[in-house]
Amino acid sequence: MEDMVRHSRWAAGLSPADVEHVLGSMQERQFARGACIARAGQLVEHWMGLIDGFAKMSVASEEGRVSTLTGVSAGVWFGEGSLFKHEARRYDVFALRPTRVALMPRRTFEWLRGTSVPFNHYLQDLLNARLSLFIGALAHERLLDTDARVANCLASLFNPDLYPDAPRFLEVGQVEIGLLANVSRQRVNVALQRLQALQLIRLEKRGLTVLDLGGLVNYKAIDTGAPPVRCA
C-alpha cells in the first residue's frame, strides 16, 4: 500500500509529512477472486485504490441482469464521486482475481481536498478522464462491431490518465475481457485471434501483450476504413 500511495500522482504534490499523515490513516484489505469489494447501496466512507489484482465495476437490475461498466486494474483510485455527493454507491465492485485494496477514510480525503491544490487538480483530471471513458464506452457499445468493441475495451485499460504506469503485458483472461466488453467468451476468442493476426497484440499463457496501442485505439479505421473512433 505504501508504494502505491507514494507513487500516485496526487502524492507528488504533498509534503513528506503530509504523505506520512495520509499513510497513517489508511488501511489495506485483501479480497479473493469473485469477492465483492464494494456493494451498490452502501454508504461510501472510503476512497479506494487497487494495489494489485483486477476488478470490475458493474450494475444489476432487479431482474438480475448485470452490465459491466469498466475494469479496474492496479494503480487506479475510485469512489470519489460518491464521496463528493455523500451518497450511497451506485455500482458494485467485484474482484476478478485475488486483489488488494487501499482504503483512505473520508476524513483524510476531505482533509486533502481542503488543504492541497494539487490533490484537487488530480481529482479534476481523474473525473474528466472517467467521464470520457464512459462516454466512449457508450458510443462503442452502440456503434462498433464486436471486434472493435473488444479492441477498444483493451485500449481503455491503458488510458494514460487512469493507468499512467500500465505495463504492456495485461494479465487478463477471455472471460474477464468478455465481462468488460459485454461480449461472449467465444466471441472474445475470435476477436483476439484477429487482433493478434494484425499484430496489435500477442496472446500469452496468462494474458496478452499490447504491441500497438494506437492500432487498438483506432481499430475501426484499420478494420473498415472508416474514420478513427478513439477510446476515451
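Contact here means heavy atoms within 4.5 Å. Where pLDDT is low, the predicted coordinates should not be read in detail.

This is a predicted model, in which local features need pLDDT of at least 70 and side-chain atom pairs count only at pLDDT 80 or more, while totals for chains, interfaces and linings use all residues. Residues are numbered from 1 along each chain as its sequence is written, and side-chain values use heavy atoms, with hydrogens and water left out.

Now to the sheet you asked about. Three strands form an open sheet with antiparallel pairing, in the order β9-β11-β10. Strands (E, at least two residues) and helices (H or I, at least four residues) are DSSP runs, numbered from the N terminus, and two strands pair if DSSP finds at least two bridges between them. At the edges are β9 (169-170) and β10 (201-204), each pairing on one side only.

Let us take each pairing in turn. β9 is joined to β11 (residues 207-210) by two bridges, and these strands run antiparallel. Leu170 has Leu208 of β11 as its bridge partner. On the other pairing, four bridges join β10 to β11, again running antiparallel. Here Glu204 stands opposite Gly207 in β11. β10 and β11 form a hairpin, with two residues between them.

What surrounds the sheet along the chain? Leu213 belongs to helix α9 (residues 213-217). Leaving aside its neighbours within four places in sequence, Leu213 is in contact with Ala155, Phe158 and Arg168. Its C-alpha atom is separated by 8.9 Å from that of Leu154, 59 residues apart along the chain.
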